[in-house]
Amino acid sequence: MADETETATRVRTLFLSDMHLGTKGCQAALLLDFLRDYDADEIYLVGDIVDGWQLRSSWYWPQAHNDVVQKLLRKVRKGTNLVYVPGNHDEFLRDYIGTHFGGVEIADSRIHEAADGRRYLVIHGDQFDMVVRHARWLAHLGDGAYTFALFVNTGLNKVRRRLGLSYWSLSAWAKLKVKNAVNFIGKFEEFLAAEARRAGADGVICGHIHHAANRDIDGLRYLNTGDWVESCTAIVEHYDGTMEVLHYPSILRARSADASTTQEAPRLPAPVPGRRAVA
Ligand SMILES: [Mn+2]
């Protein structure tokens, strides 16, 4: 069996979020290819990896979704350090925060120290939904209200979960209120940057809003991993500490353009049938 790690691009850290495994929207086949193309010393799963809310109402778990999980676990067996930071859709894992199993660590949030010494707060970001949505009136109530809203946000979702209700859906809400959604994204980014500052970090790496980004907000680096439902994006940290957003469909497009313009492009071996199922 060919060792795919020989052809994979190796990076220091890989940040992935919002795969929503267990839903029809998950681009599992592309994700699987991406995981074949990239290897990392450390992988952070930044929440909404498995969609527990969706799986509760109807079971959807095709082979490709299994393959993604197997692929990640295989990387762990080969020495990759895996940190799983749960989000709102996989918050059932929040009951296991602080535990390690099979080389996987579950953490609520984490400070990641990059190769260049910069520190990044890694967090899914749903913790701020309520604060972001009600920022205007919370601002009048001062700092205490902000902390209280964060607390209520977490508590409310726990109660909703116990009652079997669904989580407030960001995407459904955003589709209904496009103008509000644009507003929400901007505010979300500001809040996350502010939270990183509070944590004494140089930047933040989050997910949740399915909107990949790499930008500066008042001297703080704001990075969002995007998602594997629509955009198919990830963040990589290179060995010099540089952070980069990868848009996988663009990478594939560039690669096939290269192959068609190069006259003596090396012939790729034909794919072995059934290889995907084995991986
Ligand atoms: Mn989320």
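I began with strand β2 (residues 38–45), which runs parallel to β3 and is joined to β3 by four bridges; strands count as paired if DSSP finds at least two bridges between them. Helices (H or I, at least four residues) and strands (E, at least two) are DSSP runs, numbered from the N terminus. This is a predicted model, where local features need pLDDT of at least 70 and side-chain atom pairs count only at pLDDT 80 or more, while totals for chains, interfaces and linings use all residues. Residues are numbered from 1 along each chain as its sequence is written.

On its other pairing, β3 runs parallel to strand β5 (residues 104–106) over three bridges, and valine 83 has glutamate 105 in β5 as bridge partner.

I then checked β1 (residues 9–16), which seven bridges join to β2 in parallel. There, arginine 10 sits opposite aspartate 39 in β2. I followed the chain from β1 through α1 to β2 and noted a right-handed β-α-β crossover (with the strands pointing away from the viewer, the path from the first strand over the helix to the second runs clockwise). β1 also pairs with β11, antiparallel, over three bridges, with threonine 13 opposite glutamate 237.

Which residues of α1 (residues 28–37) are buried? I found Ala28, Leu31, Phe34 and Leu35 (buried means 20 or more other C-beta atoms within 10 Å of a residue's own, with C-beta atoms placed from the backbone). They are on the same side of α1 because they cover an arc of only 115° around the axis, taken from the directions from the helix axis to the C-beta atoms.

Technical notes: A residue is buried if 20 or more other C-beta atoms lie within 10 Å of its own, exposed if 12 or fewer, and partly exposed in between; C-beta atoms are placed from the backbone.
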